[in-house]
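Please look over the sequence and the structure below. A short briefing on selected features follows.

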Amino acid sequence: MRLLDVETKKFVVVEHPQEVSYAILSHVWSKPGGGSEPEPSYHELLAIQAKYPDSLVDERELPRKIRMLCRVAQADGFRLAWLDSGCIDRSSSAELSEAINSMYDWYRYSQVCYAYLDDVRCDDSPPVMKQRFFASVWFQREWTLQELIAPDVVIFLSAEWAVIGTKHSLADVIEEATRIDAAVLTHKQSLDTVSVAKRMSWAARRKTTKVEDEAYCLLGIFGVHIATVYGEGSNAFVRLQEEICRHIPDQTIFAWGSAVTREDAERFAFSNVPQAHVHDPHRPLRRDTARAAAVTGSTQKQYLFATSPSAFRRSYKLRPISPATLAQRLGHSGLGYPAYTATSHGLHTRFPLVAASSPNVEGLFYLAFLACEDQDGQSVALLLRSPNSETLQYVVGNISNEKIVHANDTRVHDVVVTAISSYTRIVTLPTRHVSKTVNQHVSLGDVYIPSRPSRLASDGEGQTASILSVSLGATTTLQLAPWSVAMLKSQQYRVEIEGAHPQPAEVEQQLFELGHAATPLYLRISDRNGYIRLFVGRCPCQYGQNDGYLSILVLGQDPGAAGSIQRVQSTDHDVDHSDHVSAWPRHACRASRELHSIGLGGVQRTVRLCVEHGSRRDACEDGGGRRPALLVLSVEIQQRGSGSPFKVGAPCADVNWDSVQTNIAVERNEVVANVRADHDRVVARREPLRLYELVRRSILGLWG
């Protein structure tokens, strides 16, 4: 561990940090171009120290954050101090990996941790200071979670480096704001007594700059170690969960995502599991019984492991129970301790299974009971689906049937018929209900569950998540892709913006603000058969209003017919609901979604929505400030039942397009001859040639 001598301002290397006394700094890194002093790197500090080989370093050459850390630590009687920005050589992947895996222990071994909150000022009134204290960016960063829990003493400092309070003195209010038990904060309760799901929930609303850090900053929270591989995206979080399964016997790690409602669970009908799925210790498991089965859909929630801590937002009330307690509840002996084996077909293990059916779930499904319970002592089970009765491979969860609800929806400013469907992964059942109706059908079964999506299928997910699954910023800007607008207009669609105007206004500008104070954007795309309306903005649900989740929806199709059904999702749904762009299927740094509908005249339309980065850099230097984050939306509409799919737009009245054969097999000289004949006719009529010349060049380029 490389420490900084607060007197000489030079580095000191120690092999056993638990044997020395030092102070440590917890802070949020300054953003480039944000007006703050940049964070010093190890090599920059090394260059300053090299100027003073035989004397004390002139502290005036040091950044203010390091100067103040040294002064505060020295005033408190410390000779050594540490901060991550300047004491780690990040150019060395080996040193960076060692530091990440040791970080929790380094904070735990420190005598005092200074938590510097540069956005909280000491001259504020107490109510304002309290409000700004919990609104501080420090409480929103995932790295600071372990920096809050690990040290025994945490002293919060304001922007002026004045003392705000300590972790012990503020434990109760910190618990209220973070849901981290005060007993855990003050080390009266051991961290390993807290369920895996609850520890994950502490990080669910926090953010990291790099996707991989969502996993790396939680290593110490779970007491595990994994290799750091920047560039692997959300696969790092999957590897973290796999490592947790190897060391912590806690099945709450599987119980993330949305749960089936109590009303729907009470309608379940249970039956015995097919014999092919029942585990027989005397029957060897055939190698082909787990042959690859198609994993339908593209949702991340069908896999065993989550791709982000945000999936555990609602799991903080779950707690583990022993296998013996689970066996007693299910009336099934011989459950034993579960073992997990990674295979090419998914994670192999054994669960107590029961077959079930429900009016709200299509087909037969299975409940795999977990060794955990909720805060009310109810049993928790995974909802599994098997592609067919001959395979032991399952996927998790199912899309429930749509429910029709009448409700007010601000997106359409009217009472609408709302179609609600949701993806549910877990089921909670009262223990008494389990003992009466479920026990007689429970069997121990072998299961293979895919633990993660294919790396090829999830290509670019990490880069996409950095914008699409993060809340809209105050300066987020949306651009309608110019090629998309041009394509729609060539198909004779009108692309308009609905706003405060009496009539929809033609789109003239293609940049729109979607920041915190911006109103939602309503796009209207119409032709002679009807129209569709798109809502673009913060989702009206709690996640959109509180965290700024982006939502893009098709609101309606028919031209204002009385009683028409507006296909709108409910405003009360999960964070991973398909309303949110963050839940859309992703590929190559893009998130996309296809919607199928029937318009007037029996014309079938497929609408494809795609959102991507406007730039590989979501923010950069621009005139001394930060350029707003830019998202690009493209809309494609494909029609069927109205002629050839290759017919783009209406034919030009002054050009005889019938003479131009669009068959690929036509020889180039024949096409050129036809175009020249058209050219002579247009010239004879003294028509403008600019459009014609553009068409001619396009055709020659196509067959050239």
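In strand S4, which residue is the bridge partner of Ile24? The partner is Trp82. This is a predicted model, in which local features need pLDDT of at least 70 and side-chain atom pairs count only at pLDDT 80 or more, while totals for chains, interfaces and linings use all residues. Residues are numbered from 1 along each chain as its sequence is written, and side-chain values use heavy atoms, with hydrogens and water left out.

**The sheet**

- Helices (H or I, at least four residues) and strands (E, at least two) are DSSP runs, numbered from the N terminus.
- Two strands pair if DSSP finds at least two bridges between them.
- Strands of a sheet pair through backbone hydrogen bonds, either parallel or antiparallel.
- An open sheet is built from seven strands in the order S2-S1-S4-S3-S5-S6-S7, with mixed pairing.
- Strand S2 (11–13) and strand S7 (163–166) are at the edges with a single partner strand each, so one side of each has no neighbour in the sheet.
- On average, neighbouring strands of this sheet are turned by 30° against each other, direction ignored.
- Helix H1 (residues 42–50) packs on the sheet and touches strand S1 (2–5) and S2, where contact means heavy atoms within 4.5 Å.
- The direction of H1 makes about 115° with that of S2; axes are lines fitted to C-alpha atoms, for helices over the stretch in contact, and angles run from 0 to 180 degrees between N-to-C directions.

- Buried means under 20% relative accessible area, exposed over 50%, and partly exposed in between (1.4 Å probe, protein chains only).
- S3 runs parallel to S4, joined by two bridges, and pairs with S5 in the parallel sense over four bridges.
- The bridge partner of Ile24 in S5 is Cys113, a buried residue with a relative accessible area of 0%.
- Strand S5 (residues 112–116) is also joined by four bridges to strand S6 (residues 154–157), and these two run parallel.
- Tyr114 stands opposite Ile155 in S6.

**Aromatic rings**

- Rings of Phe, Tyr and Trp (its six-membered ring) pair if their centres lie within 6.5 Å; planes under 30 degrees apart count as stacked, over 60 as edge-to-face and the rest as tilted.
- The whole structure holds 19 aromatic pairs.
- Trp82 and Tyr107 make an edge-to-face pair, with 6.0 Å between the centres and 85° between the planes.
- Trp82 lies in strand S4 (residues 80–82) and Tyr107 in helix H4 (residues 93–109), 25 residues apart, and both residues are buried.
- Tyr522 and Phe535 are also edge-to-face, at 5.8 Å centre to centre and 70° between the planes.
- Tyr522 is in strand S25 (residues 521–527) and Phe535 in strand S26 (residues 530–538), so this pair ties together parts 13 residues apart in sequence.
- Ring pairs also link Phe133, Phe134, Trp138, Phe139 and Phe156 into a cluster.

**Glu214**

- Glu214 belongs to helix H10 (residues 213–216) and counts as buried at 17% relative accessibility.
- Leaving out residues up to four places away in sequence, Glu214 touches Glu142, Thr208, Phe237, Thr307, Ser308 and Pro309.
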